[in-house]
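Please work through the following exercises with the sequence and the coordinates at hand. Each task is followed by a solution in steps.

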Amino acid sequence: MGSSAFTLVLVLALVACITSAERKCQLSGLWRNEQDSLMEISAVRDNGDFQGKYLTRVTLTGGCAHASPLKGAQQQCSEGIWPTFAFTVRWDKFSNATTAFTGQCFVDKGGKETLTTMWLLREAVGSLEEDWKATRVGRNIFTRKRTPKGKTLLSLSPSCEDATSPAP
Ligand code: BTN
């Protein structure tokens, strides 16, 4: 192989490498779904485990939600395949329900990241006879929410206490 052909191969390999790195999906950060719920995922560990907080905009009762803990795991990244992941949200203080999400991260040519998910929402029922109606299923699409530096999920959204406290 001539030296110019060798250089071309090297350049092409470099471009492919940079392109795939740019298009890699990072789960960490702040995300918003089409229902206007917010989710903040902290750094993903080397083994794929992650945690964060979820603030749902909609609730079963229509009442106010508290930011709730989420825990999940992401598959290892493999060449040319965007990672799948799963996480659970244990709704805290305002509900006995639990939601399990599974999904995959995608990045389009312009670098826009999208998390497509499906979820199962399990609410507590009082008896085995009511078990049949205890689980809902649905879909959520998340996109990254850009925020001013230092802003977090909690600083972006008023808490239940703030929302319900009577005017002075
Ligand atoms: C409850 O109301 O008891 C728990 C909150 C459930 C919120 C659900 S989870 C799936 C869907 N996606 C959201 O962002 N919120 C709803």
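Predicted model: local features only at pLDDT ≥ 70, side-chain atom pairs only at ≥ 80, totals over all residues.

Residues are numbered from 1 along each chain as its sequence is written, and side-chain values use heavy atoms, with hydrogens and water left out.

**Exercise 1. Describe the arrangement of the strands and locate bridge partners in β3 and β4.**

Step 1. Strands are DSSP runs of E with at least two residues, and helices are runs of H or I with at least four, both numbered from the N terminus. Two strands pair if DSSP finds at least two bridges between them.

Step 2. Eight strands form a closed barrel in the order β1-β2-β3-β4-β5-β6-β7-β8, with antiparallel pairing. From one strand to the next, the twist averages 30 degrees; axes are lines fitted to C-alpha atoms, and angles run from 0 to 180 degrees between N-to-C directions.

Step 3. β2 and β3 run antiparallel and are joined by four bridges. M39 has Y54 as its bridge partner in β3, and I41 stands opposite G52 in that strand.

Step 4. Between β3 and β4 (residues 68-74), also antiparallel, there are six bridges. Here Q51 stands opposite K71 of β4.

**Exercise 2. Identify the largest nonpolar core and the elements that contribute to it.**

Step 1. A nonpolar core is a set of buried Ala, Val, Leu, Ile, Met, Phe, Trp, Tyr and Cys residues joined through side-chain atoms within 4.5 Å. Buried means under 20% relative accessible area, exposed over 50%, and partly exposed in between (1.4 Å probe, protein chains only).

Step 2. The largest such core has 20 residues, and M39, Y54, F87 and L115 have the most contacts inside it. Two or more residues each come from β2 (38-41), β3 (49-55), β5 (84-90), β6 (98-107) and β7 (113-122).

Step 3. Contact means heavy atoms within 4.5 Å. Beyond four places in sequence, F87 touches M39, F50, Y54, L70, K71, G72, T99, A100 and F101.

**Exercise 3. Find the disulfide and determine its handedness.**

Step 1. With a disulfide taken as a pair of cysteine sulfur atoms within 2.5 Å, a search of the whole structure finds one.

Step 2. C25 is joined to C105, with an S to S distance of 1.5 Å. C25 lies in the loop between α1 (3-22) and β1 (29-33) and C105 in strand β6, 80 residues apart, so the pair links distant parts of the chain.Step 3. The torsion about the S-S bond of C25 and C105 is about -65 degrees, and the disulfide is therefore left-handed. Both cysteines, C25 and C105, are buried.

**Exercise 4. Explain why E113 counts as buried, and list its contacts.**

Step 1. E113 lies in strand β7. E113 counts as buried because its relative accessibility is 11%.

Step 2. Leaving aside neighbours within four places in sequence, E113 is in contact with C25, Q26, W31, F106, V107, F142, T143, R144 and R146.

Step 3. A polar contact is a pair of N or O atoms within 3.5 Å; within protein, one must be able to donate a hydrogen and the other to accept it, and residues adjacent in sequence count only if both atoms are side-chain atoms. The side chains of E113 and R144 make such a contact at 2.6 Å.

**Exercise 5. State which residues E34 touches and which polar contact its side chain makes.**

Step 1. E34 is placed in the loop between β1 and β2. Not counting residues up to four places away in sequence, E34 touches R139, N140 and I141.

Step 2. The side chain of E34 makes a polar contact with that of N140 (3.1 Å). A polar atom of the E34 side chain also lies 2.9 Å from the backbone nitrogen of I141.

Step 3. E34 and T143 are 109 residues apart along the chain, and their C-alpha atoms are separated by 8.6 Å.
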